[in-house]
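Colleague: I have a model open and some things to ask about it. Can we go through them one at a time?

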Amino acid sequence: MKQWKVLVSRRIPQEGLDLLAEACELTMHQEDRPMTRSELLAAAAGKDGVLCLLTDKINAELFDAAPTVRAYANFAVGYDNMDVAEASRRRIPLSNTPDVLTDATADMAWALLFATARRVVESDAVMRSGSWAGWGPLQFIGGDITGATLGIVGAGRIGAAMTARSNGFRMRVLYTDARRNEQLEQSTGAVFVSFDELLRQSDYISVHVPLLPETRHLFNEAAFARMKPTACLINTARGPVIDEAALVRALRDKTIAGAGLDVYEHEPAMSEGLAALPNVVLTPHTASATHASRNGMARKAATNLLAMLRGERAPDCLNPEIYPG
Ligand code: DGY
């Protein structure tokens, strides 16, 4: 006899499903696309728990539609899709999946940095088109990485992992955050600066802040104007941290040299003109898409959900304030 009814809003790696299946009767959305809002509201009704994705809005409307659900486990470290305050008001526990995707995400930020600086995608397109006529001294000249200044915006787990990887390239690392990360400073030599200083001095800027009211459009026209015209911006965090229409203008007008983006302001759509620009490298929100990382996320989300269904505090609880003491 299975103890709990659980909705999984899209297929996740089998390891997570196997963990849940031991104790739960699972309903899983079978199509390889996010559930529509009405599908989610209907499918969550009558369940005890939901394993949800960053594409699902977890908010008052859903809590009202599915009053029996007493736990939501996000299959993501970012949780801007969840109304934590409203869940806490209703004493509904929430969880996310930190740590298991830190390395994969930092690796992808570096992949985008390399590809953008060294114009890998543009070069690849020329080779495939058959139009390359042979080696030339002025072809595809890009930015230097070794010895350059790397600016890290947000020095949490992923920002720190990005910083650590810069060591082999003898880079100077500047970082900015709401608070100082002294451990990062000691272990990597990264220097804490204001956002303004980071914009002015960095050759590459990598974004690692969560999406919050105060980080929405942190990178806007004014920020691009303060960056070096040779600088590249890398974003593996959340799309709305960048004003994407302003980025298109900055890339088109060469206010900055390039951008490498894994996330978009209005996913899955992209702002008009972005895809046509040669100086941007675009990936489809796949920074955590490695075997180890996605399997880890599946295990974590399932483990968190099972703990919450048992009435325990999830290992990755997002709203511990709902528990007494
Ligand atoms: C996250 O976990 O927040 C990523 O955006 C997807 O893995």
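Modeller: A term to begin with: a salt bridge is a side-chain nitrogen of Lys or Arg within 4 Å of a carboxyl oxygen of Asp or Glu. This is a predicted model, where local features need pLDDT of at least 70, side-chain atom pairs count only at pLDDT 80 or more, and totals for chains, interfaces and linings use all residues. Residues are numbered from 1 along each chain as its sequence is written, and side-chain values use heavy atoms, with hydrogens and water left out.

Colleague: How is the chain divided into domains?

Modeller: Domain 1 is 4–99 + 291–322 and domain 2 is 102–282; the bounds come from an automatic or database domain assignment.

Colleague: How many salt bridges between domain 1 and domain 2?

Modeller: Two. Arg-157 and Asp-99 meet through their side chains in a salt bridge, 3.8 Å from N to O.

Colleague: Changing topic, where does Asn-304 lie?

Modeller: In helix H12, residues 291–309 (helices are DSSP runs of H or I, at least four residues, numbered from the N terminus).

Colleague: Buried or exposed?

Modeller: Asn-304 is buried, at 0% relative accessible area (buried means under 20%, exposed over 50%, partly exposed in between, with a 1.4 Å probe and protein chains only).

Colleague: And how many disulfides?

Modeller: Zero in the whole structure, a disulfide being a pair of cysteine sulfur atoms within 2.5 Å. For Cys-24, the nearest cysteine sulfur is that of Cys-52, 14 Å away. Cys-24 counts as buried because its relative accessibility is 2%.

Key. Helix = DSSP H or I, 4+ residues; strand = E, 2+ residues; numbered from the N terminus.
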